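Here is a short briefing to read alongside the model. Have the viewer open, and let's walk through the fold and its helix packing together.

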Amino acid sequence: MSVNFANNEPSAPIERLALELSSAAADLARRGWTPAASGNFSARLDPLRIAITVSGCDKGRLTPGDIMLMDDQAHALGDSRQPSAEARLHAQIYRLLPQTGAVLHTHSVTQTVASRHFSGAGHVCLAGYELVKAIHGHHSHEQDLLLPVFPNSQDMTEIERHVGAWHAQRQPLHAYLIAGHGIYAWGHDIATAMRHIEAIDFMLACELELRKLPA
Ligand SMILES: [Zn+2]
(Lines give C-alpha, C1' and ligand atoms only; values in the text may rest on other atoms or scores of the structure.)
Protein backbone atom coordinates (compact mmCIF):
# COMPACT_ATOMS: atom_id res chain seq x y z
CA MET A 1 0.00 0.00 0.00
CA SER A 2 1.52 3.33 -0.92
CA VAL A 3 0.22 6.84 -0.59
CA ASN A 4 0.46 9.08 -3.61
CA PHE A 5 -0.28 12.67 -2.70
CA ALA A 6 0.36 13.94 -6.22
CA ASN A 7 -2.50 12.14 -7.94
CA ASN A 8 -4.87 15.11 -7.85
CA GLU A 9 -7.56 13.33 -5.92
CA PRO A 10 -8.32 15.84 -3.19
CA SER A 11 -11.42 13.92 -2.22
CA ALA A 12 -9.42 10.83 -1.18
CA PRO A 13 -9.83 10.46 2.61
CA ILE A 14 -6.08 10.10 3.16
CA GLU A 15 -5.38 13.32 1.26
CA ARG A 16 -8.04 15.28 3.11
CA LEU A 17 -6.67 13.98 6.42
CA ALA A 18 -3.08 14.82 5.44
CA LEU A 19 -4.11 18.34 4.44
CA GLU A 20 -5.97 18.87 7.71
CA LEU A 21 -3.08 17.44 9.73
CA SER A 22 -0.45 19.56 7.98
CA SER A 23 -2.52 22.69 8.47
CA ALA A 24 -2.96 21.92 12.20
CA ALA A 25 0.81 21.34 12.47
CA ALA A 26 1.53 24.65 10.71
CA ASP A 27 -0.83 26.41 13.13
CA LEU A 28 0.97 24.91 16.15
CA ALA A 29 4.37 25.69 14.62
CA ARG A 30 3.34 29.35 14.17
CA ARG A 31 2.70 29.50 17.91
CA GLY A 32 6.29 28.40 18.53
CA TRP A 33 5.19 25.05 19.96
CA THR A 34 7.43 22.91 17.68
CA PRO A 35 10.92 24.41 18.11
CA ALA A 36 13.81 22.88 16.15
CA ALA A 37 11.56 20.60 14.05
CA SER A 38 10.21 18.94 17.22
CA GLY A 39 6.68 17.68 17.80
CA ASN A 40 4.71 15.13 15.83
CA PHE A 41 1.12 14.75 14.75
CA SER A 42 -1.17 11.95 13.71
CA ALA A 43 -4.75 11.18 12.76
CA ARG A 44 -6.53 7.86 12.37
CA LEU A 45 -7.65 7.08 8.85
CA ASP A 46 -9.47 3.85 9.76
CA PRO A 47 -9.13 1.21 12.49
CA LEU A 48 -5.94 -0.18 10.95
CA ARG A 49 -4.24 2.88 9.46
CA ILE A 50 -2.87 6.01 11.11
CA ALA A 51 -1.51 9.03 9.20
CA ILE A 52 1.55 10.51 10.98
CA THR A 53 4.28 13.06 10.30
CA VAL A 54 7.54 11.60 8.98
CA SER A 55 10.59 11.85 11.20
CA GLY A 56 12.53 15.11 11.34
CA CYS A 57 10.46 17.30 9.00
CA ASP A 58 10.07 21.03 9.71
CA LYS A 59 6.55 21.30 11.12
CA GLY A 60 6.23 24.92 10.01
CA ARG A 61 6.72 23.92 6.37
CA LEU A 62 4.85 20.66 6.51
CA THR A 63 3.05 19.56 3.36
CA PRO A 64 0.70 16.61 2.94
CA GLY A 65 3.68 14.77 1.38
CA ASP A 66 5.34 14.79 4.83
CA ILE A 67 2.56 12.58 6.17
CA MET A 68 2.90 8.80 5.96
CA LEU A 69 0.83 5.81 7.03
CA MET A 70 1.56 3.38 9.86
CA ASP A 71 -0.36 0.63 11.61
CA ASP A 72 -1.43 0.65 15.25
CA GLN A 73 1.93 -0.84 16.26
CA ALA A 74 3.81 2.10 14.63
CA HIS A 75 5.06 0.05 11.67
CA ALA A 76 5.34 1.96 8.38
CA LEU A 77 2.74 0.95 5.79
CA GLY A 78 3.86 0.98 2.15
CA ASP A 79 6.55 3.57 2.81
CA SER A 80 10.34 3.33 3.09
CA ARG A 81 10.41 6.41 5.34
CA GLN A 82 10.22 6.13 9.11
CA PRO A 83 7.45 7.71 11.14
CA SER A 84 8.33 10.20 13.89
CA ALA A 85 10.56 8.82 16.63
CA GLU A 86 7.70 8.92 19.10
CA ALA A 87 5.22 7.16 16.81
CA ARG A 88 4.95 4.32 19.34
CA LEU A 89 3.36 6.73 21.83
CA HIS A 90 0.79 7.81 19.25
CA ALA A 91 0.01 4.18 18.41
CA GLN A 92 -0.42 3.36 22.10
CA ILE A 93 -3.03 6.10 22.57
CA TYR A 94 -5.07 4.80 19.60
CA ARG A 95 -4.93 1.30 21.07
CA LEU A 96 -5.78 2.31 24.65
CA LEU A 97 -8.47 4.83 23.72
CA PRO A 98 -10.14 3.52 20.56
CA GLN A 99 -12.40 6.56 20.18
CA THR A 100 -9.30 8.71 19.52
CA GLY A 101 -9.11 10.20 16.01
CA ALA A 102 -6.08 12.49 16.31
CA VAL A 103 -3.01 12.86 18.56
CA LEU A 104 -0.90 16.03 18.82
CA HIS A 105 2.51 16.29 20.49
CA THR A 106 4.14 19.69 21.03
CA HIS A 107 6.88 21.34 23.12
CA SER A 108 5.67 24.84 24.04
CA VAL A 109 7.56 26.78 26.72
CA THR A 110 4.48 26.56 28.98
CA GLN A 111 4.13 22.79 28.50
CA THR A 112 7.83 22.20 29.07
CA VAL A 113 8.14 24.43 32.15
CA ALA A 114 4.96 22.94 33.65
CA SER A 115 6.21 19.41 32.95
CA ARG A 116 9.36 20.16 34.94
CA HIS A 117 7.60 22.03 37.72
CA PHE A 118 5.05 19.25 38.36
CA SER A 119 7.29 16.26 37.64
CA GLY A 120 8.01 15.69 41.34
CA ALA A 121 4.29 15.37 42.10
CA GLY A 122 3.78 13.14 39.06
CA HIS A 123 0.63 15.02 38.07
CA VAL A 124 -0.96 18.44 37.83
CA CYS A 125 -4.58 19.07 38.80
CA LEU A 126 -6.25 21.88 36.85
CA ALA A 127 -9.13 22.99 39.07
CA GLY A 128 -11.51 25.95 38.96
CA TYR A 129 -11.14 26.81 35.29
CA GLU A 130 -14.06 27.75 33.05
CA LEU A 131 -11.92 26.60 30.13
CA VAL A 132 -11.97 23.01 31.40
CA LYS A 133 -15.29 22.83 29.52
CA ALA A 134 -13.24 22.78 26.30
CA ILE A 135 -12.18 19.25 27.28
CA HIS A 136 -14.46 16.43 26.12
CA GLY A 137 -16.66 15.15 28.96
CA HIS A 138 -16.23 18.28 31.11
CA HIS A 139 -19.39 20.35 31.48
CA SER A 140 -18.68 22.59 34.48
CA HIS A 141 -15.85 24.66 35.93
CA GLU A 142 -16.35 22.54 39.05
CA GLN A 143 -14.86 19.51 37.29
CA ASP A 144 -11.11 19.05 37.69
CA LEU A 145 -8.73 17.92 35.00
CA LEU A 146 -5.95 15.66 36.24
CA LEU A 147 -2.92 15.41 33.96
CA PRO A 148 -0.20 12.85 34.69
CA VAL A 149 3.45 13.86 34.32
CA PHE A 150 5.60 10.90 33.29
CA PRO A 151 9.41 10.77 33.47
CA ASN A 152 11.17 11.40 30.17
CA SER A 153 13.18 8.68 28.46
CA GLN A 154 14.84 8.11 25.10
CA ASP A 155 13.43 4.60 25.32
CA MET A 156 9.81 4.97 24.17
CA THR A 157 8.90 1.62 25.71
CA GLU A 158 9.69 3.17 29.13
CA ILE A 159 7.23 6.01 28.56
CA GLU A 160 4.70 3.54 27.15
CA ARG A 161 5.02 1.54 30.36
CA HIS A 162 4.19 4.59 32.51
CA VAL A 163 1.21 5.52 30.33
CA GLY A 164 -0.05 1.92 30.38
CA ALA A 165 0.28 1.69 34.17
CA TRP A 166 -1.66 4.94 34.65
CA HIS A 167 -4.41 3.77 32.32
CA ALA A 168 -4.54 0.33 33.95
CA GLN A 169 -5.31 2.04 37.28
CA ARG A 170 -8.39 3.53 35.58
CA GLN A 171 -7.09 7.04 36.15
CA PRO A 172 -8.50 9.71 33.82
CA LEU A 173 -6.39 10.08 30.69
CA HIS A 174 -7.22 13.14 28.58
CA ALA A 175 -3.62 14.21 27.89
CA TYR A 176 -0.23 13.78 29.55
CA LEU A 177 2.99 15.67 30.09
CA ILE A 178 6.48 14.20 29.84
CA ALA A 179 8.96 15.84 32.20
CA GLY A 180 11.25 18.38 30.54
CA HIS A 181 9.77 17.44 27.21
CA GLY A 182 6.22 18.45 26.28
CA ILE A 183 2.64 17.30 26.02
CA TYR A 184 0.56 14.64 24.29
CA ALA A 185 -3.09 15.57 23.77
CA TRP A 186 -5.77 14.00 21.59
CA GLY A 187 -9.41 14.03 20.62
CA HIS A 188 -11.94 12.23 18.48
CA ASP A 189 -10.87 14.34 15.50
CA ILE A 190 -8.15 16.88 14.64
CA ALA A 191 -10.28 19.93 15.54
CA THR A 192 -11.09 18.48 18.98
CA ALA A 193 -7.46 17.57 19.62
CA MET A 194 -6.49 21.15 18.68
CA ARG A 195 -9.09 22.55 21.09
CA HIS A 196 -7.82 20.26 23.85
CA ILE A 197 -4.14 21.14 23.44
CA GLU A 198 -4.93 24.85 23.27
CA ALA A 199 -7.14 24.78 26.38
CA ILE A 200 -4.65 22.71 28.38
CA ASP A 201 -1.73 24.94 27.39
CA PHE A 202 -3.78 27.96 28.54
CA MET A 203 -4.67 26.38 31.91
CA LEU A 204 -1.04 25.30 32.47
CA ALA A 205 0.09 28.87 31.73
CA CYS A 206 -2.42 30.12 34.34
CA GLU A 207 -1.09 27.62 36.90
CA LEU A 208 2.46 28.84 36.33
CA GLU A 209 1.37 32.52 36.52
CA LEU A 210 -0.51 31.88 39.78
CA ARG A 211 2.69 30.57 41.32
CA LYS A 212 4.42 33.89 40.64
CA LEU A 213 1.91 35.80 42.80
CA PRO A 214 2.69 36.50 46.43
CA ALA A 215 1.03 33.98 48.76
ZN1 LIG B 1 8.77 15.11 21.73
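A residue counts as buried when its relative accessible area is under 20%, as exposed when it is over 50%, and as partly exposed in between, using a 1.4 Å probe and protein chains only. By that rule, 49% of the 215 residues of the protein chain are buried. Please keep in mind that this is a predicted model, where local features need pLDDT of at least 70, side-chain atom pairs count only at pLDDT 80 or more, and totals for chains, interfaces and linings use all residues. Residues are numbered from 1 along each chain as its sequence is written, and side-chain values use heavy atoms, with hydrogens and water left out.

**Overall fold**

- The protein chain has five helices and eight strands, taken as DSSP runs numbered from the N terminus (helices are H or I with at least four residues, strands are E with at least two).
- In sequence order, these elements give the pattern α-β-β-β-α-β-α-β-β-α-β-β-α.
- The C-alpha trace spans about 60 × 35 × 30 Å along its principal axes.
- The radius of gyration of the protein chain is 17 Å, which agrees with the value near 17 Å for a compact globule of 215 residues; it is taken over C-alpha atoms, and the globule rule is 2.2 Å times the number of residues to the power 0.38.
- Of the contacts (heavy atoms within 4.5 Å) between residues at least 6 apart in sequence, 62% join residues at least 24 apart.

**Helices H1 and H5**

- The axes of H1 (residues 13-30) and H5 (residues 190-210) come within 10 Å and cross at roughly 15 degrees; axes are lines fitted to C-alpha atoms, for helices over the stretch in contact, with angles from 0 to 180 degrees between N-to-C directions.
- H1 and H5 are therefore roughly parallel (angles under 35 degrees; over 145 is roughly antiparallel, 65 to 115 roughly perpendicular and the rest oblique).
- From H1, Leu17, Glu20, Leu21, Ala24, Asp27 and Leu28 meet Ile190, Ala191, Met194 and Ile197 of H5.
- That contact holds eight nonpolar, no polar and two charged residues; Ala, Val, Leu, Ile, Met, Phe, Trp, Tyr, Cys and Pro count as nonpolar, Asp, Glu, Lys and Arg as charged, and the others, Gly among them, as polar.

**Helices H2 and H4**

- H2 (residues 87-96) and H4 (residues 156-168) have axes that come within 10 Å and cross at roughly 20 degrees, which makes them roughly parallel.
- Among the H2 residues in the contact are Arg88, Leu89 and Arg95, while the H4 side includes Met156, Glu160 and His167.
- By class, the contact of H2 with H4 has five nonpolar, four polar and three charged residues.
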